[in-house]
Amino acid sequence: MVSGTQTLFAVFVSFAISSTAHAGFVAHTLTLSSPLFAGMRVHYKEVSQQVSGQPTALFLHGAKFTSDDWATIGALDAVAASGYHAVALDLPGFGQTGGLRMFEEADRANFMDAVLEELNLDRVVLVAASMGGIFAIELVMKDPARVAGYMPLGAAGAEEYINELSARSDLTMPVLTLWGSNDFPESARARIYEWVFPQQRKVVFEGAGHPCWHENPALFKELLVEFLSDHGREWRDPVA
């Protein structure tokens with residue numbers, strides 16, 4: 001189990017879904033007909049099937065990437081090989097997902113709600129890289145009981161809500177933050193997670209920049225699978 005701050009050396013909505021199989025994952029397109037997102041086509045990749053009693057790993061990419069990144073570095077395969085269900089979204093305005101890029105907090109929160117409801121994802125472990133954090137943090141704040149765990153990867157978003165987050169007492173999900181040593185891991189932006197999440201742990205990738213998960217995918221996948229496995233046990237056998 002990961003513990004402490006470490007420096008690791010390595011170098012109500014109706015919808016329709018269309019699907020295409022690829023090696024290692026299935027690509028889907030979800031068409032929303034919500035009044036808020038009427039006709040928006042959301043592209044996502046999926047591996048494995050949902051398992052009762054297990055959360056789904058929900059991947060949210062950064063601004064320079066799409067859902068393709070998680071497949072390219074083998075993260076989706078790693079999750080599937082460990083027996084977990086995973087979904088990787090193309091966020092609005094990126095990849096094959098339609099719509100405008102969402103800069104309003106309410107839009108991002110409503111988008112996350114709509115997608116999770118349509119995909120029947122009751123509980124998720126959020127894996128959010130950089131810009132993906134501005135979507136993840138909306139779900140964390142609005143519906144923390146739905147978030148079984150959170151992995152911010154150099155993620156943005158928390159700094160926008162420092163006062164609100166600091167005042168919360170229900171943000172008890174396990175949090176594992178990953179930072180590159182060249183991406184200011186001791187900055188206020190990085191340390192916010194330590195201040196507001198009581199179960200936060202941090203791992204610093206020595207020699208890595210901002211996309212540390214992409215620069216050292218082997219280490220990232222090892223930590224990801226460990227985090228999912230630890231969390232999955234905790235959720236299936238909760239301590240009273």
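I began with Ser130, which I found in the loop between β7 (124-129) and α4 (133-142). Helices here are DSSP runs of H or I with at least four residues, strands are runs of E with at least two, and both are numbered from the N terminus. The model is predicted, so I kept to its limits: local features need pLDDT of at least 70, side-chain atom pairs count only at pLDDT 80 or more, and totals for chains, interfaces and linings use all residues. Residues are numbered from 1 along each chain as its sequence is written, and side-chain values use heavy atoms, with hydrogens and water left out.

Ser130 has a positive phi of about 50 degrees, although it is not a glycine. Its relative accessibility is 15%, so Ser130 counts as buried (under 20% relative accessible area; exposed is over 50%, partly exposed in between, with a 1.4 Å probe and protein chains only).

I then looked up Phe184, also a residue other than glycine with a positive phi, near 55 degrees. Phe184 sits in the loop between β9 (175-180) and α6 (188-196). Phe184 is exposed, with a relative accessible area of 62%.

**Helix α4**

Next I checked how enclosed α4 is. Nine of its ten residues are buried, so the rest of the structure largely encloses this helix. I listed the buried ones as Gly133, Ile134, Phe135, Ala136, Ile137, Glu138, Leu139, Val140 and Met141. They pack against β5, α3, β7, β8 (147-153) and α5 (162-166).

Then I looked at α3 against α4. Helix α3 (residues 105-118) packs on helix α4 (residues 133-142) at an angle of about 75 degrees, with the axes 9 Å apart. The axes are lines fitted to C-alpha atoms over the stretch in contact, and angles run from 0 to 180 degrees between N-to-C directions. That makes α3 roughly perpendicular to α4 (65 to 115 degrees; under 35 is roughly parallel, over 145 roughly antiparallel, the rest oblique). From α3, the contact (heavy atoms within 4.5 Å) takes in Glu105, Arg108, Ala109, Asn110, Phe111, Met112, Asp113 and Leu116, and from α4 Ile134, Phe135, Glu138, Leu139 and Lys142.

**Leu116 and the cores**

I followed Leu116 of α3. Leu116 counts as buried, at 0% relative accessibility. Beyond four places in sequence, Leu116 is in contact with Leu58, Leu121, Val124, Leu139 and Arg146. I also noted that the C-alpha atoms of Leu116 and Arg146 are separated by 9.9 Å, with the two residues 30 apart along the chain.

The largest nonpolar core has 47 residues, and those with the most contacts inside it are Leu60, Leu89, Phe111, Leu126 and Tyr150. A nonpolar core is a set of buried Ala, Val, Leu, Ile, Met, Phe, Trp, Tyr and Cys residues joined through side-chain atoms within 4.5 Å. Helix α4 gives the most to this core, with seven residues. Beyond four places in sequence, the contacts of Leu126 include Leu58, Leu60, Met112, Ala136, Leu139 and Tyr150. I found a second, separate core of 32 residues, with Ala88, Ala208, Trp213 and Leu223 among them.

**Ser67**

Last stop was Ser67, in the loop between β5 (56-60) and α1 (68-72). Ser67 is buried, with a relative accessible area of 0%. Beyond four places in sequence, Ser67 is in contact with His43, Lys45, His61, Ala88, Leu89 and Asp90. The side chains of Ser67 and Asp90 are joined by a polar contact of 2.8 Å. For a polar contact I need a pair of N or O atoms within 3.5 Å; within protein, one must be able to donate a hydrogen and the other to accept it, and residues adjacent in sequence count only if both atoms are side-chain atoms.
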